[in-house]
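Here's a quick briefing to read alongside the structure. Take a look at the chains first, then come back for the notes.

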Amino acid sequence: MATEILSIACDQQILRTYALPFAGSVLVRTGQEVAAGEPIAEIKMPERYQVFDVVNGLKINPKNIDRHIEKLVGEPVKAGDVVAQKTGLISRIFRASQDGMVVAVRDGRITLALGEKKLQVLATYPGTVVEIIPERGAVVAVQGLLLQGVWGNGLNSSGELLILSSDELPADKKQLSADLQGKIAAVQHIADQAAFNNLLNRKPAGLVLGSVMPEVLPALQNAPLPVMVLVGYGEFQIDALSAAMLKQMESQLVYLNANEPDPSEHSRPDLILPGKAQVSPGLFHEELHLEVGKHVRLLGKPYTGSTGEIVELPEEPEKFASGLVMRAVVVRREDEQIIRIPRENVELILE
Amino acid sequence: MENRRYLSVDIGSQNTRAWLFEPREDGFALVCSAASETSAAVGQDIRTGVNLALEQLQEKAGLRLLDLKHKLIRGEEGVEACGLSLSAGKAIRTVLIGVSDTYSLAALRRLVSLFYTDVVLEIDLQDDLNATAQLEKLINANADLFVASGGVNEGAFRPVRAALDNLRIVYQSLPRLIRPQLVYAGNEALSEYAREELDAGEDFHSALNVQARIDTESLSAGWPAMLSAFSRLRRQQLTGLTELEHEWNCAALPSAFAASRIVRLIDRMNPEGKGAMALDVGCNSTIVIASRGSDFIGAISHPPISNQIGKETSRYATLPIDARTAATYMLNKKLHQAFLPATLEDLAVEQAWTRVRLQDALRRTRELFPWFAYDPELGLLEPYEPVLLSGESLVRVPAAQQTLLMALDGLRPHGITTFAMDKDQLLAGLGSLADKEPLLPVQLIDSGVFANLGTVICADAPERAAKRVLTLEIDRGESARETLDVRKGEIKRVETTPSSRTRIYLSPGELTDVGMGLPGLGGWVTVPDSELGTVVDARGRPLELPDEMNKRSEAFYNWLWELGG
C-alpha cells in the first residue's frame, strides 16, 4: 500500500521540476531567481511539415528526379527558395513557403520542416533555481506556505486569494458582475453546474473548491481557468487544516498550480504563498511514513474531509464493517472522537 | 531433494508481489508469497519496492534470499532463476498504421491489446490523407510506440513505403527523451526495407506478418517484437528496471501477457476441454483472457466512469444505492486508488462496480475480437471451463460467495462451467517463470494452487418467475438421493463433501436449457469438491433485475444468502 502524502505546510521548502519532454536548451542557471511565467527551458521545433510529391507535382519521369531537385537533405531553405523545378516551355516550380529545412528526399518526395515554434516550460511560481537538469530544465525552490489538493484541471495562474462564504454565492444570475477579476476564489462546495457557471461569470483568475458534486466534473475539466479541488467529490467540508491554511493565505498574492494529480511524478495540484525566507539548496524531504503523532486526513464515508492525529498503529489486521480484514490506523479527530480506519484510507499530512 | 528455488515478482501499479517456489517430493510447490507497495507508483526506483517484498519473503520463508548488499543470492544457496512481470507504468501511447481498417488495423488493435497500450492514433492508409497531413498527425501524436503492418505478404507496398518514410522523419527528427519504439508486423517482403529505411537501430522491432494471408491472423507472430519494444520502453520509463533485469538475468514481461501464458497452458492441459478463461479485475485495469485451441483472445480495459456507469453500478448494488452515490464513490476511488471499502455501503458500490467493469471489459473485448461469443444482454454464450478469477477486486473480498456472484453477474455464463480463484494472484507470477522452468506452472496447477470455487449450472428458460425450471437429483454415494427443485429467478447451492464424489442428475423443464445441447435435455454431471459446491443459476438470460431499488437489493441479498450469506 502506498501512503498518500498531502502537504498542508506553513514553512515548507517547495521544490518543483520543470522539464521538457525533448532535449532542448536550459535558459536558467543555478542560484538564479525566477519569476512566475519566466521560461526555464525551451526547444525550437518546426512549426509544420510539408511533403511534396515531386514526380506527380512536377509531372516528371521518376528516373530523372535528381535533375529537378535543387536542395539536398539538411540544407536550409528561405521562403520563396526553389526546392524543385521542371524547366521547359511550361515550367513548374515548387518553392518553400516559409523558412525551414529539407528533412527528407525519398521515393520521389521531398519533406520540408517549415517555420519555427518554441516549446517552453515556464515557472509557475517565483523561486530560486537549485538544480539544472541538462538539456531538459531545472528544479526551482521556494520557501513558503503550501496547500495541496486532490484534483486539478492542468492550468495555472496567480492572484489575490479571496475566501467566499456560501452566502457570497448568489444563485441569482442578475446579481453577478466581474467582481472576482484577477482573484483566486476559494469556495467551500459547488453543488451544481449553475453554481459553477455563476462563479465563472464573476471572472476569477482561478478557483479553489473544497468539494464538488460529480456532475460538475465535465465543467471543471473544460473551465478556461485553473480549478483545484481540495477534498474530493461529494458534499464535504474543507478539513480544518486546509481551512486554516486558506485563512493564512487570504488577501495575499498566491500561485495556483492546478496540476493533474500524478503520484508517480509526485505531482498534485497546489496553492502556494511564497515567503521571504531563503531556500536551503540540497535540503530534501525525509521519507514519510505513518507514525504515531502525525496528522492524517481521512478518506471514505462518513469521515471524508476530517483530519486527526494518529494515536495507534496496530500490527494485527482487523475486520472492518465491510467484512474486509485490513491493517488499521487509529486516529483522534479534532472533535476528540477516536476512529479506526484502514491504513489505505488516509492521506498523511506533511506539515 | 535438489535445491532449485524459483522466484517470481510482479510489479503492479499499486502492489509489488513476490512468490518463492521450490521442488518438493510431489513436484513444485509455492513456499510463500509477500507483497509491498510499488515504489514506482510514488516515483521511486522500482527496486525499493521489490527489495521490501523480498525482505518479507525471506522472513516468511526462513531463508536468506538477499546478501548484505541487498543483491539476490543465486544458485544452490539462493535462487535458481527469476521471473519478472510488470503492469506498473503509464499507458504506452501507441500509434497504429495499417493498410485497411477492417483487416490490418483491426489485427493491430488485437496485437497491442495485452501490452498496456493506449491507442492515440490510427492511420488507415486507404484514407485520403495526404502525406503532409499524415506526417503532422504522426508528430502530434507524441507516441511512445508505433506499430505498422503492411498488408498481406507479397501485397501492395507503395502506401506502406510512404508511411515508413514519414515514420522515419518522426523518429529521426524529434529529440524525444524516451526514444519511441517502432514495430513492423506486416508484409514480410518489406521488413528489411523497413529496418533500413527507419534506421532506428535497437528501437526497431521486426515481426513476422500478423496477417500473412487475407484469411489468417497470427497474433503470436507479432508478440516477440512487441515484447522487445515493451521492454525497451519500460527500461527508459522506470528507474531501476534495467539494473534489476540485468542482475536477475531476465526480461520483464507485461503482466497480462505473462498471465495469458498460463491461460493458454491450462487450455493445452485439457485438450478436449471447453477452453480456459481468466478475468482479472484490478484497481487500474480489467483483463479478459480466453484460450481455446488456436483461438486466443486477450484485452485490457480501463475502469469506465460516467453517468451511465453510475446508473449501471446502482442497478447491481446489493444495497439501495443511487447512481450519484455510485458515481461519487468511483470518482473518489480514481483519486485514491489504494482506497479500500471499510463500510457495507462502500463494499456494495465496489462490488457493483466490479460487475459493471466486467461487463464493460467483455463488451470491449468483443469489439476487438468480433468472434468472441459474448452478447452484452445475454452474457457469455459459449462456455469456457475453468473460468479463473483474479485481481484485487475479485480476490480481496470478505467471502468467496461474493466473488462468485460478482463473476456470475458480470459474465452471465450459459451451460455448465467451473469457477476457480487465484487467491495468491499468481497468474502473472507463474507466467513469467514458464519459460525458465516449464514444469513449474504445470505442477503448481495440478497441485490445486487455484482454488476451485464451484461448479455453476446455468438453467435458462423463457418461463415466468417462480415457475419450476429444473429438478436436481443428488447422489452423494450414500443411501438416499436428494432432490431439489429450482424455480425461475432463483440461485440454489448444493454443498459438496471432500470425502465423497457427488453426482447430480439434471432434469430440466421442457424449455430449460442447461447447456446439454438442447432445451429440455438433461443428464448426469459429476462435480468435484469445491469451496462453494455446485451452484444453480436459474435467473435466466438476460438477467432480469427488479426495477425498484429496494426490491433489487433484496433480490441480491437473497441470492447471496443462498450462496452462503
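This is a predicted model: local features need pLDDT of at least 70, side-chain atom pairs count only at pLDDT 80 or more; totals for chains, interfaces and linings use all residues.

**Overall form**
- Chain B comes with 16 helices and 24 strands.
- Its C-alpha atoms fill a box of roughly 75 × 60 × 45 Å along the principal axes.
- A compact globule of 565 residues would have a radius of gyration near 24 Å, so the 25 Å of chain B agrees with that.
- Buried residues account for 53% of the 565 residues in chain B.
- Take the contacts in chain B between residues at least 6 apart in sequence: 69% of them join residues at least 24 apart.

**Domains of chain B**
- Chain B splits into domain 1 (6-89 + 240-251), domain 2 (92-237) and domain 3 (259-563).
- The centres of domain 1 and domain 3 of chain B sit 31 Å apart, going by C-alpha atoms.
- Where these two meet, 18 residues of domain 1 of chain B are in contact with 21 residues of domain 3 of chain B.

**Contact between the chains**
- The contact draws 42 residues from chain B and 43 residues from chain A.
- On the chain B side, helices H3 (131-140), H4 (158-173), H10 (323-335) and H11 (344-368) each supply at least two residues.
- By class, the chain B side has 23 nonpolar, nine polar and ten charged residues.

Methods:
Residues are numbered from 1 along each chain as its sequence is written. Chains are lettered from A and ligands numbered from 1 in the order in which they are written. Two residues are in contact if their C-beta atoms, placed from the backbone, lie within 7 Å. Helices (H or I, at least four residues) and strands (E, at least two) are DSSP runs, numbered from the N terminus. Ala, Val, Leu, Ile, Met, Phe, Trp, Tyr, Cys and Pro count as nonpolar, Asp, Glu, Lys and Arg as charged, and the others, Gly among them, as polar. Domain bounds come from an automatic or database domain assignment. The radius of gyration is taken over C-alpha atoms; the globule rule is 2.2 Å times the number of residues to the power 0.38. A residue is buried if 20 or more other C-beta atoms lie within 10 Å of its own, exposed if 12 or fewer, and partly exposed in between; C-beta atoms are placed from the backbone.
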